[in-house]
Every structure is written in structure tokens, then in C-alpha cells.
Amino acid sequence: SSATSSNFIKTIMEEDLAAGKVTEIVTRFPPEPNGYLHIGHAKSICLNFGLADDFGGRTNLRFDDTNPVKEDVEYVESIKRDVQWLGFDWDGLFFASDYFGRMYEKARLLIDKGLAYVDDQNADRIRESRGTLTEPGIESPFRNRSAEENLALFERMKNGEFGNGEKVLRAKIDMASPNINMRDPVIYRIVHAHHHNTGDAWCIYPMYAFAHPLEDAFEGVTHSICTLEFEDQRPFYDWVIEHCETEAKPHQYEFSRLVIDKMPVTSKRKLKLLVDNGIVDGWDDPRLPTISGLRRKGYTPEAIRHFCREVGVSKSFGIVDERMLEHFIREDLKLKALRTMAVLRPLKVVITNYPEDGSEWLEAENNAENEEMGTRQIPFSREIFIERDDFMEVPPPKYFRLFPGNEVRLKNAYFIKCEEVVKNGAGEVTELRCTYDPETKSGTGFTGRKVKGTIHWVDASQAVPAEFRLFEPLVQDEAEETEETENSSFLDRINPNSLETLQGYVEPGMKEAAGGDKFQFFRHGYFNVDPNLSGPDRPVFNRIVSLKSSFEI
Ligand code: ATP
Ligand code: MG
Ligand code: MG
């Protein structure tokens with residue numbers, strides 16, 4: 001089956017191949033290395049790599065590193081790791097900064113052709129003079145410098161003779177264009193800063209809108225896919241391709257960015273604020289929608305790829321339900337994950353009629369929906385832990401779990417009956433004293449009587465202490481956060497209860513669990529062993545997702 005579902009970009013590719021406009025599909029994924037990738041980038045990765053795969057084409061990973069101030073090698077490495085983890089291999093690995101020499105020559109070509117000029121106006125003045133949607137822009141007094149003068153000034157900019165912002169190079173197009181992007185956009189600026197790749201070789205840097213089409217052309221990219229906010233830039237993209245006389249003629253296509261409800265913070269800049277302010281435990285905090293956070297939470301590459309395929313590609317803005325992402329991890333783990341018992345909020349139960357020093361091994365299925373996963377042995381003895389919620393001293397109507405005088409089934413074991421409730425001085429329940437009926441052992445076919453409730457448990461003598469981390473959305477009331485905004489107000493809406501940490505127990509077999517192992521805990525959901533926090537003999541589990549959802553694909 002194909003890597004991408006049918007979409008308008010795929011249709012264009014089919015047509016371009018059929019018409020002989022291109023002989024091969026070449027795409028690129030072009031992140032700026034100024035942070036870790038997030039779920040929105042996963043959509044772009046799946047689309048770019050997936051489309052090329054569907055047509056037997058090629059995809060480059062290209063770091064769009066034209067802004068020296070915000071970029072870092074740590075981000076380069078994390079991005080490579082995340083792309084590979086998602087299951088994709090790039091054909092070429094490139095840095096936009098490796099093209100600075102070629103870009104400089106293209107800028108000189110534009111100057112030569114009378115299509116670019118050095119402007120001495122400052123940034124504020126240039127912004128004001130570009131006008132508004134209803135008002136045309138005003139031409140710069142420096143607009144009609146000769147090519148010779150411009151070439152000389154541009155060279156002096158490059159040689160470091162001017163300070164930051166003292167001069168810029170602008171494309172000379174049309175100050176009255178209805179598209180403000182075409183009103184002599186700045187294409188080079190002066191930034192005296194160290195660059196993570198080129199060091200101090202350059203103090204002039206190309207602007208994104210000028211650099212991006214050139215990068216695509218230098219690499220022979222055929223279909224340059226980006227998000228809709230670049231739609232207004234397309235005329236300038238085409239202008240650069242035409243006037244810079246590049247051999248390859250790439251085209252830009254836009255699709256709507258992925259926005260997921262309850263995961264509002266999909267912007268590297270905002271994620272960095274959360275990390276830098278210590279609100280989360282690093283870029284891979286499981287509450288973040290970063291790829292590394294989702295991985296640490298327990299998401300699999302398959303689940304993310306299936307999700308991206310299902311959300312599809314369109315030009316219309318829409319918010320995707322977070323439960324759709326959750327649906328795909330449940331689907332992926334349903335038949336694969338070992339199903340075991342974990343007690344998150346323990347309450348001790350003493351089985352008073354069980355032999356003092358007795359113990360036995362009981363058989364348990366590893367996955368009720370996948371017989372091939374076989375069975376395992378779990379210990380049972382006189383003291384066990386059950387879930388605190390599975391007992392109520394005064395039960396409401398229709399409560400079928402444990403309460404004084406009531407009998408329930410212990411999953412994979414026996415019926416027990418609550419005989420006595422032990423409390424501490426503060427009146428809190430600290431222990432239950434129950435009796436069991438040996439006749440009712442699981443698997444023996446006992447039919448003498450029925451009970452309405454089945455609860456899970458862990459043998460107390462052999463239980464492994466474990467920590468469980470349950471998550472809630474990190475940011476509250478995210479409504480206005482769905483469109484890219486430059487404000488940081490989301491920092492005022494951090495949910496103080498986004499992480500709940502519980503100390504409980506798991507079955508003895510779980511002692512061997514390694515970072516990244518995934519389990520289904522009965523009635524609690526799917527969990528992942530946290531690779532950073534788990535220690536020997538004391539696993540830490542992140543809840544990936546609870547068991548049930550009303551969401552339907
Ligand atoms: P951020 O604001 O998080 O830095 P960006 O768009 O500036 O996002 P880039 O590093 O430029 O980040 O992104 C690389 C590619 O990923 C771009 O082609 C961009 O369009 C795409 N992309 C980024 N965010 C999303 C998203 N939410 N949905 C789909 N594609 C996205
Ligand atoms: Mg960007
Ligand atoms: Mg960005």
C-alpha cells in the first residue's frame with residue numbers, strides 16, 4: 001500500500017510525471033535547526049518522504065540554517081535522530097549554509113541585471129515604506145543606484161565594513177504590487193554572529209524567502225512542499241527561480257499545517273520557552289508534542305505514521321482531535337503489548353484463611369486478543385495489593401467491586417470476600433481482611449455461584465515497586481493558541497496538574513522491563529517504561545493512553 005493517502009499534491013505529481021514535466025519526484029524536508037521537531041513536523045516528514053517513496057523518487061534532509069543566532073548542532077543531531085526514528089532515510093543530507101557562496105553569486109547576478117540594490121534605510125523605515133494592503137509602498141531613495149555601485153557596496157557588506165542593520169540588499173520588483181511580499185523584499189542582511197556551520201566566514205546572511213527557492217533549485221527539488229502561510233510568498237519564489245536563472249525549476253505547493261486540539265504548543269519557539277523556563281523536564285518531556293516527547297511517552301513510529309497518513313493533506317484549516325492520535329497507538333499496541341496487572345494506588349489485602357507461609361503460581365494469559373503471546377506464571381500468597389478505588393466502605397448503587405460483605409473475583413485467581421476493614425487513627429482505611437474460596441480458582445471451571453466484579457491485584461511478597469506517571473494537557477484553555485501567534489500568553493495558562501506521579505506495584509516479571517518496553521496494564525491503559533527515569537529493580541512507567549475512547553475513525 002502507498003505511504004500517503006490520495007491528496008492534491010500527489011495528483012499534481014502524477015500529472016507532472018505523465019506530462020513529462022519531471023522525470024523523477026524529488027522532495028525535501030527543510031527544518032530550521034532552532035529546536036526539536038514536533039508532531040507538525042512529523043506530518044511534513046511523512047508527506048515529503050512518503051510522496052517520494054510512492055513514486056520511487058528521492059528526499060533530502062536539508063537544514064535551513066540561514067539564521068546564525070538561533071541555530072545549534074544539538075538541534076541538528078536531534079532532528080536527524082527523529083527523522084530516522086520515524087522510519088525514513090534521506091537521500092542527500094544538506095545544509096543551506098553550504099550554499100552561501102552560490103547564493104552570494106546569485107545575488108550578484110540580480111544586481112548585474114538591475115534587479116537588486118543596496119538600501120541604506122534602517123529596518124523600521126523599510127517596513128513603513130512598504131505600505132499596506134490599501135496603500136502602495138514608497139520607493140527607497142537608494143533604489144536607483146547603478147549596478148557598479150551596488151556591486152561594490154554589496155562586496156563591502158560581505159567584507160564586514162558595516163554594522164548590523166546599516167545596509168541591506170533588496171530585490172527590485174514593484175513597490176505598488178498588490179502583494180506586499182513583492183514590494184522590494186530584503187534578500188540579504190548584515191548579522192555579525194558566529195554560525196554553527198560556517199563559523200565567522202560570513203557576516204551577511206540571505207533571507208529565508210530568497211534562500212529557500214535557491215536551495216530547492218540547487219538540489220533539483222521538483223516539488224517544494226510547505227505550509228499555507230507561505231502561499232503569499234509563492235510569487236516571489238517564482239521570481240527568484242526565474243531571475244536567478246537556476247538550471248532546475250522547482251515549484252512550491254502549500255498545505256494546511258497540522259493543529260491538534262489539547263496540543264497547542266506546536267512551535268519550536270514556544271516549546272523552547274517551556275524548556276528554558278524549566279516548566280517541563282527537557283525537550284523530551286512526555287507532555288510535549290515533540291517527536292522525542294511522544295517517543296518517551298511511548299508512541300511508536302508506526303502509530304505516528306498511520307496518524308499522519310489518516311489526517312491527510314488539504315488546503316483547508318482544521319483542528320485534529322487528539323483522540324485520533326491516541327486511536328493509532330492503541331491500534332498499534334493492541335495485539336503486541338503484554339497485558340499485565342499493575343496497582344497504581346495500592347491497598348493491602350490480607351487473606352486470612354490462606355495458609356500463613358503458603359504461596360502458589362497461577363497461570364495468566366499474556367494477551368487475551370492474541371493467543372500466540374502465550375501465558376505466564378504469577379505468584380499468589382496471603383497478602384496482596386489491590387487498587388484503592390476497587391474498595392468502598394459505603395458503596396453507591398451498582399458498585400460491584402469490593403465492599404464489606406461483598407465477594408469479587410481476583411483476575412486469574414480466586415473469589416475473595418471482604419470481612420473486615422482496618423483503619424488508622426485518622427479513620428483512613430489501611431488494610432482489608434478478606435477470605436478466599438479455594439473452589440473458585442480461575443481456570444477450574446467453577447460454576448457454583450457468580451460474582452459481578454473482577455478486580456486486578458499484585459502479590460505483595462513479590463511485587464516490584466514502581467512509579468507511574470499520568471499526564472493531563474500541559475496548557476489550559478488553548479482555544480486561541482491554534483493559529484500561530486507571536487505572544488507568550490500560554491505561559492500564564494500552564495496546568496499545574498499536568499503530571500501526576502503515583503507509587504505502586506507491578507508483577508515480579510516486570511523487574512526486567514527495559515526503557516521503551518510497552519505494556520497494557522489491566523483497566524489502566526498502555527504504559528511505556530521511561531528510559532531516563534527507570535532504575536534497576538524500580539521501573540518508572542509513563543501512561544501513553546487509557547484503554548477506551550469514544551473516538552471513531
Ligand atoms: P516552528 O514554528 O515550530 O519552528 P517552522 O515551520 O518554522 O515551525 P521549520 O523548521 O521551518 O519549522 O519546519 C520544517 C518543515 O516542517 C517546514 O516545511 C514546515 O512547513 C513544516 N511544518 C512545521 N510545522 C508544521 C505543522 N504544524 N504542520 C505541518 N507541517 C509543519
Ligand atoms: Mg520555518
Ligand atoms: Mg520556525
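Modeller: The model is predicted, so local features need pLDDT of at least 70 and side-chain atom pairs count only at pLDDT 80 or more, whereas totals for chains, interfaces and linings use all residues. Residues are numbered from 1 along each chain as its sequence is written, while chains are lettered from A and ligands numbered from 1 in the order in which they are written.

The shell holds 16 residues, the closest being Pro-31, Gly-40, Ser-44, Arg-257 and Lys-268. Helix 2 (39–54), strand 8 (223–227) and helix 9 (268–276) are the elements that each give two or more residues, and helix 2 has the largest share, with 4. A residue belongs to the shell if its C-beta atom, placed from the backbone, lies within 6 Å of the ligand. Helices (H or I, at least four residues) and strands (E, at least two) are DSSP runs, numbered from the N terminus. By class, the shell has 4 nonpolar, 6 polar and 6 charged residues. Here Ala, Val, Leu, Ile, Met, Phe, Trp, Tyr, Cys and Pro are nonpolar, Asp, Glu, Lys and Arg charged, and the others, Gly among them, polar.

Turning to the helix, helix 4 (residues 100–112) has 13 residues. Phe-100, Met-103, Lys-106, Ala-107, Leu-110 and Ile-111 of helix 4 are buried (20 or more other C-beta atoms within 10 Å of their own; exposed means 12 or fewer, partly exposed in between, with C-beta atoms placed from the backbone).

Methods
Expected span 1.5 Å × (residues − 1).
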